[in-house]
Amino acid sequence: LSRALAEPMYFGGGIVHTSASIGVATPETLELDELLAGAEAALSQAMRSGPGSIQRFSSDLRDRLSRQSALIRSVDTGFANSEIRAWFQPQINTDTGEISGFEALARWQHPQLGTLAPGEFLEAVRHAGRMPALGHTMLEQALAAITFRDRKKLKVPTVSVNFSPDELRERGMVERVKWEVDRHNLAPERLTIEILESVAALSNDDIILRNIDGLRSHGFRMDLDDFGTGQASIANLRRFGVQRIKIDRSFVTELDQDEEQRSIVAAILSLAEHLKVETVAEGVETQAEHATLAQLGCDHVQGFGVSKPMPFDQTFAWINQHRERIQKPPQIGRKTG
Ligand code: C2E
Ligand code: CA
Ligand code: CA
């Protein structure tokens, strides 16, 4: 089947290349009434493995599926019991060392499974049709966090929230976001919306384009996430009026030791400079990476090397400690004890 479908086809005067993802289930592994569901499960696994994959149903896959459907069933309770919450990871200005913002990242404090990262539960939330609920929860908690910190005199310029493609396609989204920000009495630039570069590359999706225009016209800040992986055109970067591009972690890893990584990042930084947008490097894990990025002229850094994402109530102590650290730079050679 796969080979037959890989043959080029002549269509509408041109040549079309196709590939097939194939899921296989056989009566040896499954009861008759489960066959079709099994083959579909194997198919969706095959589709995740990339174009042209063939996947056979296995008991491993069955276990994974039953865990997944249990998780999907607990999504509603997760929201109802506020188990799904925003954690926060700081971003640092490489010039001043000051905190330039926090990114809100979703965590699920699951009563049986412990703390789950988005990679373990976003799919289940999407399957349960609750992505809008996730978006609302994250926005609400991010705005509440920034308001609360303002009141505690721990003002941080902006908080970033990840918007899924579904959210960006939602009608009335711009008005809803504006209403939420107004309700918290915040200036629009206190909210940064992270849009995946791959979404920004969908230049023919009218609703997304209109919503992005709307967000920009209200003065919200916009970051282009996972930059370098999503093939947005330079024209799109211009058109969206993003304030910053977030250089994907894959280019940042070990750039202090790897000449090739360094030249990719340098090229992105120079592009950003010409387009007059700021830059933030993601996934900065070591001091050496941080220093190299600062030296190359990257404006902000974010990563485990600064801090891992943390629950909201831990951010206060972290901000205070960080402020003490930057007021007292490390005294090299000072005797201790
Ligand atoms: P992202 O937006 O690219 O977020 C950065 C991810 O990299 C986070 O993973 C963060 O914990 C991780 N990270 C940060 N610094 C480092 C580092 O130094 N080293 C390494 N190895 N990793 C680092 P996380 O929290 O697991 O989130 C994964 C993805 O899930 C996010 O990628 C984002 O695309 C998505 N996501 C998270 N929260 C939300 C949300 O509220 N809504 C939507 N739509 N997507 C979300
Ligand atoms: Ca992000
Ligand atoms: Ca990212």
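E282 is buried (under 20% relative accessible area, where over 50% is exposed and values in between are partly exposed, for a 1.4 Å probe and protein chains only), with a relative accessible area of 13%. In this predicted model, local features need pLDDT of at least 70 and side-chain atom pairs count only at pLDDT 80 or more, whereas totals for chains, interfaces and linings use all residues. Residues are numbered from 1 along each chain as its sequence is written, chains are lettered from A and ligands numbered from 1 in the order in which they are written, and side-chain values use heavy atoms, with hydrogens and water left out.

Donors are N, O and S atoms within 2.8 Å of the metal, or 3.2 Å for Na, K and Ca; water is not among the atoms, so sites may look incomplete. D226 lies in strand β10 (residues 221–227) and E282 in the loop between β12 (278–281) and α14 (287–296), so the pair ties together parts that are 56 residues apart in sequence. Helices (H or I, at least four residues) and strands (E, at least two) are DSSP runs, numbered from the N terminus. D226 is partly exposed, at 25% relative accessibility.

The calcium ion (ligand 2) is coordinated by E103 (OE), N162 (OD1), E194 (OE) and D225 (OD), at 2.1 to 2.3 Å. The spacing of its donor residues in sequence is E-x58-N-x31-E-x30-D. N162 belongs to strand β8 (residues 158–162) and E194 to strand β9 (residues 191–196), so this pair ties together parts that are 32 residues apart in sequence. E194 is buried at 1% relative accessibility, while N162, with a relative accessible area of 29%, is partly exposed. D225 bridges the calcium ion (ligand 2) and the calcium ion (ligand 3), which lie 4.0 Å apart.

Several N and O atoms of the protein lie close to polar atoms of ligand 1. A nitrogen atom of ligand 1 is 3.1 Å from an N or O atom in the side chain of Q89, and a nitrogen atom of ligand 1 is 3.1 Å from a polar backbone atom of A106. An oxygen atom of ligand 1 is 3.2 Å from an N or O atom in the side chain of N162. Ligand 1 taken alone exposes 800 Å², of which the protein buries 81%; accessible areas come from the Shrake-Rupley method with a 1.4 Å probe, and for residues only the protein chains shown count as cover.Strand β6 also holds S100 and H110. S100 is buried, with a relative accessible area of 10%, and its side chain is joined to that of H300 by a polar contact of 2.9 Å. A polar contact is a pair of N or O atoms within 3.5 Å; within protein, one must be able to donate a hydrogen and the other to accept it, and residues adjacent in sequence count only if both atoms are side-chain atoms. H110 is buried as well, with a relative accessible area of 9%, and a polar contact of 3.4 Å joins the side chains of H110 and S74.

In helix α8 (residues 173–183), the buried residues include M173, V174, R176, V177, E180 and V181. They cover an arc of only 165° around the axis, which puts them on the same side of α8; the arc is that of the directions from the helix axis to the C-beta atoms. E175 and W179 are exposed on the other side of α8. An α-helix has 3.6 residues a turn, so residues three or four places apart point the same way.

Overall, the secondary structure of the protein comes to 15 helices and 14 strands. The C-alpha trace spans about 70 × 50 × 50 Å along its principal axes, and 44% of the 337 residues count as buried.
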